[in-house]
Amino acid sequence: MIEIQNVRKSFGDLEVLKGIDLTVQKGEVVTVIGGSGSGKSTLLTCINGLEPIDSGRITIDGTEVHAKSTNLNKLRRKVGIVFQQWNAFPHLTVLENVTLAPRKVLGMAKAEAEAIAEKQLRHVGLGDKLTTYPSRLSGGQQQRMAIARALAMSPDYMLFDEVTSALDPQLVGEVLETLKMLAEEGMTMICVTHEMGFARDVSNRVAFFHQGIMAEIGAPDQLFNDPQHPETQKFLANVR
Amino acid sequence: MFDTALTANDLVFLAKGAGITILVTAISVVIGTLLGILFGVIRVQLGPVLAAPLTFFLDIFRSVPLLIQLVLGNAFVGMVLQLQISGFTVACIVLSLYTSAYCAEIVRGGIDAVPEITRRAARSLGLTWGQDMRYIVLPLATRVALPSWIGLALGVMKDSALVYVVQVTELLKSTQILITRLQEPLFLLLICGAFYFVISFPLARFGGYLEKRWSND
């Protein structure tokens, strides 16, 4: 379970998270929507400790992410994250991209890491690209590789930060299909997205962020069909 | 008809000078590069304010002409530190620091060119700072920095001609000695230039080969 309690975070004078509370249960898919600069992406990087927080608490299965005593490198094995772009390590082949962390972080033998990597790459439809370099992949394939790479660490939670935003429209579908597949398999996921159809279809709950606060959260049907907060209504009216 | 007093022994003498040039360059480039990587990483990690003293120190080596550095370095070692070390060692020390100052900038530029998100992706997989540096950042930075580094190495090789001021007889000094004796400056400088070219060419080609190979990745 991921518990976020009254989390505040500023960059200089700009407060981007103004007291966020959110609990995500095991097996749940929560999507986060909202305009640019609403703090959605910052929240994800705070969850796996890539960004420090100013106050509040984030715990993952009882471990406080930002406590001094927490071994972040160890905690991050549980929490995979895929970013909007620049995910690939361009000097490594697809297979090497995926085996790097299992080998260096988990200390796996090469053969074992490769077997897991191949399995995950087949899972996301890249079984025939093992020896290819990322520059030869499409944007969608690169994102799927990044997903396979995160999955190879057998994470308990996956965070997706606008993973389709930098893609050409015709490539968005293949990545969303992969995310849907993971959701159906029961992966606990927090997805920051601009894909409203995806949010509606896949989520257990949808959260709407506005200027650093979580203005509203609810089941997709409720949030999309009967939004309560005026900012949610305005946002949804604009994206429809 | 062309006539010269140059003998086979003279060519051997020049080749020995070329050997010294290669040795001084190789030692300085290897040590200078290792120090440059260290200084470059420290600069990136500490940020401009904390790294200011190091940056100032490196700026001295980048700003003051090498000839002055060699003369003052030699005087410092002999008169201040009272050490009895050879001109060759002084030359290697000064050239290494000189190389490291330029290399640190090249390394810093290379590291800065690695997208922050790629580094975050590495850290998010549980890689430690050191693993991120070793497996992601430095290999990627190397690709960016290679052309500049090749230029630096070739530059150091040519700059090594100045180490004659600390009594090291490298290629150019050897040529000058022969010019004084044979009075055939143009012909001897032509040969000297050919030696420099033969030394430089493989390095330049190797750099080109690596760039091409990496661009196919």
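Tutor: Before we start, a residue is called buried if 20 or more other C-beta atoms lie within 10 Å of its own, exposed if 12 or fewer do, and partly exposed in between, with the C-beta atoms placed from the backbone. This is a predicted model, in which local features need pLDDT of at least 70 and side-chain atom pairs count only at pLDDT 80 or more, whereas totals for chains, interfaces and linings use all residues. Residues are numbered from 1 along each chain as its sequence is written, and chains are lettered from A and ligands numbered from 1 in the order in which they are written.

Student: Which way do the residues of E7(A) point, and are they buried or exposed?

Tutor: Helices (H or I, at least four residues) and strands (E, at least two) are DSSP runs, numbered from the N terminus. In E7(A), A:Tyr157, A:Leu159 and A:Asp161 point one way, A:Met158 and A:Phe160 point the other way, and all are buried. The strand, residues 157–161 of chain A, is accordingly described as mostly covered, with five of its five residues buried.

Student: Which strands are joined to E7(A) by bridges?

Tutor: Strands of a sheet pair through backbone hydrogen bonds, either parallel or antiparallel. Here two strands are taken to pair if DSSP finds at least two bridges between them. Strand E6 (residues 79–82) of chain A runs parallel to E7(A) and is joined to it by four bridges, with A:Val82 opposite A:Phe160. Five bridges join E7(A) to strand E8 (residues 188–192) of chain A, again in parallel, and A:Phe160 stands opposite A:Cys191 in E8(A). From E7(A) the chain crosses through helix H6 (residues 169–184) of chain A to E8(A) in a right-handed β-α-β crossover, the hand being right if, with the strands pointing away from the viewer, the path from the first strand over the helix to the second runs clockwise.

Student: Where is antiparallel pairing found in chain A?

Tutor: Four strands of chain A form an open antiparallel sheet in the order E2-E1-E4-E5, and its edge strands, each pairing on one side only, are E2 (14–24) and E5 (63–64). Two bridges join strand E4 (residues 55–60) of chain A to E5(A), and A:Thr59 stands opposite A:Glu64 in E5(A).

Student: With which residues is A:Leu159 in contact, leaving aside its neighbours within four places in sequence?

Tutor: Two residues are in contact if their C-beta atoms, placed from the backbone, lie within 7 Å. On that criterion the partners of A:Leu159 are A:Leu44, A:Ile47, A:Asn48, A:Val79, A:Gly80, A:Ile81 and A:Ile190.

Student: How many residues does the largest nonpolar core have?

Tutor: In soluble globular proteins, nonpolar side chains tend to be buried together. A nonpolar core is a set of buried Ala, Val, Leu, Ile, Met, Phe, Trp, Tyr and Cys residues joined through C-beta atoms within 7 Å. The largest one has 120 residues, and those with the most contacts inside it are A:Ile47, A:Ala148, A:Leu159, A:Phe160 and B:Ala91. Its largest share, 14 residues, comes from helix H4 (residues 87–112) of chain B.

Student: Why is helix H1 of chain A largely enclosed?

Tutor: Seven of the eight residues of H1(A) (residues 40–47) are buried, so the helix is largely enclosed by the rest of the structure. Among the buried ones are A:Leu44 and A:Ile47, and just after H1(A), A:Gly49 takes a positive phi of about 75 degrees.
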